[in-house]
Amino acid sequence: MSKAKLHLSRDSLLSLLHQMIRVRRFEEKCDELYQSEKIRGFLHLAIGEEAVCTGVMAALAPEDAVVATYREHGHALVRGVPATAIMAEMFGKLEGCSHGRGGSMHLFSAAHRFYGGYAIVGGGLPVAAGIALADAMRGESKVTCCFFGDGAVAEGEFHETMNLAELWKLPVLFVCENNLYAMGTRLELSESEPDIHAKAQSYRIPSEVVDGMDVVAVNAAAMRAVERIRGGAGPQFLECRTYRFRAHSMFDPQFYRTKAEVEEWKKRDPITRLTEWMTSVGLLHADDLPQIEAAVEGEVRGAVDFAEAAAWEPVEQLAVDVYARPRP
Amino acid sequence: MSAPVQTTYREACRAAIADALRRDPRVFLMGEDVGRYGGCYGVSKGLLEEFGPERIRDAPLSESGFTGMGIGAAMNGMKPIVEIMTVNFSMLAFDQIVNNAATIRHMSGGQFGVPLVIRMATGAGRQLAAQHSHSLENLYAHVPGLKVLVPATLEDARGMLWTALEDPDPVLIFEHVMLYNMTGELAADAGAVAIDKAAIRRPGKDVSLITHGGSLPKVMIAAKQLAEQGIDAEVVDLRTLRPLDDATILDSVRRTRRAVIVDEGWRSGSISAEVSARLMENALWSLDAPVGRVCSAEVPIPYPRHLEEAALPQPQAILAAVKRTLG
């Protein structure tokens with residue numbers, strides 16, 4: 001673990017651990033519910049990548065904004081969107097956080113300034129810059145945090161947004177979740193310059209590579225970046241090097257990587273890593289982990305029960321909210 | 001009403017933008033060359049001097065980037081006017097408009113809206129060839145979640161923008177390049193107009209000429225020529241391509257019992273096809289003749305004047321179509 005861990009108290013570390021375990025268990029439950037056909041469509045799990053959303057989100061304030069991708073269950077959870085509303089969304093139910101319309105790839109929550117999961121790769125980047133522009137034009141010192149994967153850097157919108165954000169010094173924290181593969185294509189096979197943070201630097205955006213399997217390092221880097229943004233330094237960029245342990249989606253036979261590679265990365269499991277380190281320095285007490293696991297199990301079970309019991313949107317409402325509802 | 005003033009379509013567009021910027025601090029204009037250059041078609045000339053670079057934002061050539069930023073800013077409480085030089089360039093922002101602006105309200109269960117206005121030039125007639133001359137409004141009119149306006153008069157150029165900015169949903173405004181120099185009289189205090197109704201530009205009883213945007217002046221010329229031949233044509237200006245004002249269209253055709261649709265888009269899959277289909281669905285038994293259509297030839301718009309003119313709807317072709325309808 002990095003020296004940066006020293007900025008965190010035992011309570012903060014326990015909170016990070018708790019959040020990562022929430023994401024892990026929630027995702028495992030989603031996998032199970034997909035097999036039993038309660039969840040349909042595409043489902044993208046972030047198992048293995050929990051340290052990134054957890055570490056970054058802990059550096060943000062409630063008034064900040066978040067833009068995410070279609071692999072965003074964890075981001076919404078850690079941001080504070082209730083597990084019940086997220087699970088109901090997975091089921092497509094009316095009580096879902098997007099009223100069931102979006103599903104797994106499109107979680108929204110206005111109350112949490114969670115501006116949504118975007119499923120056109122790169123499509124969320126300009127939107128995030130626009131959210132930041134609005135805050136900046138009003139003179140507010142809010143940060144917009146924009147998550148995207150390594151695949152997005154091949155899109156023109158990535159480059160357009162890097163340029164615009166720096167040109168206009170917009171308060172955006174760009175977080176690249178580099179899990180080495182754009183779906184099934186390894187970064188080296190799709191990028192002439194596979195060093196992503198160097199691309200951001202070429203737009204003069206201060207940029208840092210972070211061990212995305214180390215939640216403490218991610219959190220420390222995000223806190224530094226957010227502080228610089230609030231100080232008026234303009235956009236900042238974090239390239240978090242991480243790995244997904246599961247398939248890209250539920251229809252992926254994973255021909256493009258070896259089991260050995262996956263096993264090698266699993267040795268760096270962010271939850272195991274934090275657990276072992278906290279134990280070794282005496283910050284994790286014997287009953288901490290069982291307590292966290294029990295709380296998370298109850299929360300996930302509650303979320304599934306909520307989703308099961310939730311209502312389907314009446315078909316009569318199919319066209320509601322295509323346009324704004326008439327004012328009363 | 002105060003005394004009318006002599007003005008142009010271009011000046012009416014500019015007055016509408018300036019008025020919106022003065023009335024609402026959330027409004028700003030963003031696009032390529034809108035500031036120092038004054039706008040590709042001169043619409044925003046002088047606005048930078050009055051409103052400054054924060055509100056008249058010269059953007060780099062990143063249509064997807066700045067259109068997406070307009071969407072984000074709109075979701076976060078601003079009222080951006082995004083200018084895209086021409087509809088041809090808007091293909092670079094098609095993803096943002098179709099996949100984000102049009103979907104977010106429904107997909108978020110009504111939590112977020114995109115009160116964004118996107119203005120762009122459209123249409124042919126300036127010998128700009130096949131990458132600056134097309135009329136692709138109907139691609140946007142296909143998409144639920146968007147509203148599509150086609151101001152064809154000074155009043156609409158002046159008045160549609162404010163109503164569009166007041167709308168909680170994304171509105172696209174198409175300004176035909178051949179209208180910018182159109183001159184005429186406009187009330188000095190002209191202001192907001194409705195954007196949900198088609199308009200009867202010339203009442204008549206023998207045939208309904210249904211059109212929009214840059215084709216309206218040509219249709220008015222054709223109607224005048226028809227009148228000289230004793231044929232009393234009614235001219236319906238659609239004004240809004242989505243949502244279409246079915247009531248006004250159907251009412252007109254039920255009265256005249258004949259319809260010719262004039263549309264600068266290509267015939268296949270066009271707004272003229274949509275209007276025609278709605279007439280079949282709703283007014284077939286009122287029709288005394290098949291619906292006629294005058295559209296652009298199905299070619300990329302060519303550069304030389306004679307070929308460009310041959311590719312576009314012209315008054316003579318409108319006259320011929322009307323006569324076919326009259327039998």
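**Entry 1: domains of chain B**

I looked up how chain B is divided and found domain 1 (4-187) and domain 2 (199-326), with bounds that come from an automatic or database domain assignment. I note that this is a predicted model, in which local features need pLDDT of at least 70, side-chain atom pairs count only at pLDDT 80 or more, and totals for chains, interfaces and linings use all residues. Residues are numbered from 1 along each chain as its sequence is written, and chains are lettered from A and ligands numbered from 1 in the order in which they are written.

The centres of the two domains of chain B, taken over C-alpha atoms, are 26 Å apart. Their contact takes 24 residues from domain 1 and 22 residues from domain 2; two residues are in contact if their C-beta atoms, placed from the backbone, lie within 7 Å. On the domain 1 side, helix H6 (137-141), strand E6 (147-149) and strand E7 (171-176) of chain B each give two or more residues. I take helices (H or I, at least four residues) and strands (E, at least two) as DSSP runs, numbered from the N terminus.

**Entry 2: the sheet of chain B**

I traced an open sheet of 7 strands in chain B, in the order E3-E2-E4-E5-E7-E6-E12, with mixed pairing. Strands pair if DSSP finds at least two bridges between them. The edge strands, each pairing on one side only, are E3 (56-58) and E12 (240-242) of chain B. From one strand to the next, the twist averages 20 degrees.

I then followed E2 (residues 27-31) and E4 (residues 79-86) of chain B, which run parallel and are joined by 5 bridges. Within E4(B), B:Pro80 is the bridge partner of B:Phe28. Helix H3 (residues 63-75) of chain B lies across E2, E4 and strand E5 (117-122), at about 160 degrees to E4(B). Axes are lines fitted to C-alpha atoms, for helices over the stretch in contact, and angles run from 0 to 180 degrees between N-to-C directions.

**Entry 3: chain A against chain B**

I found 31 residues of chain A and 33 residues of chain B in the contact. On the chain A side, H5(A) gives the most, with 10 residues.

How do H5(A) and H3(B) cross, and within what distance do their axes come? The axes come within 6 Å and cross at roughly 50 degrees. That makes H5(A) oblique to H3(B), since angles under 35 degrees count as roughly parallel, over 145 as roughly antiparallel, 65 to 115 as roughly perpendicular and the rest as oblique. Among the residues that meet there are A:Ala129 and A:Leu133 in H5(A), and B:Gly68 and B:Met69 in H3(B).
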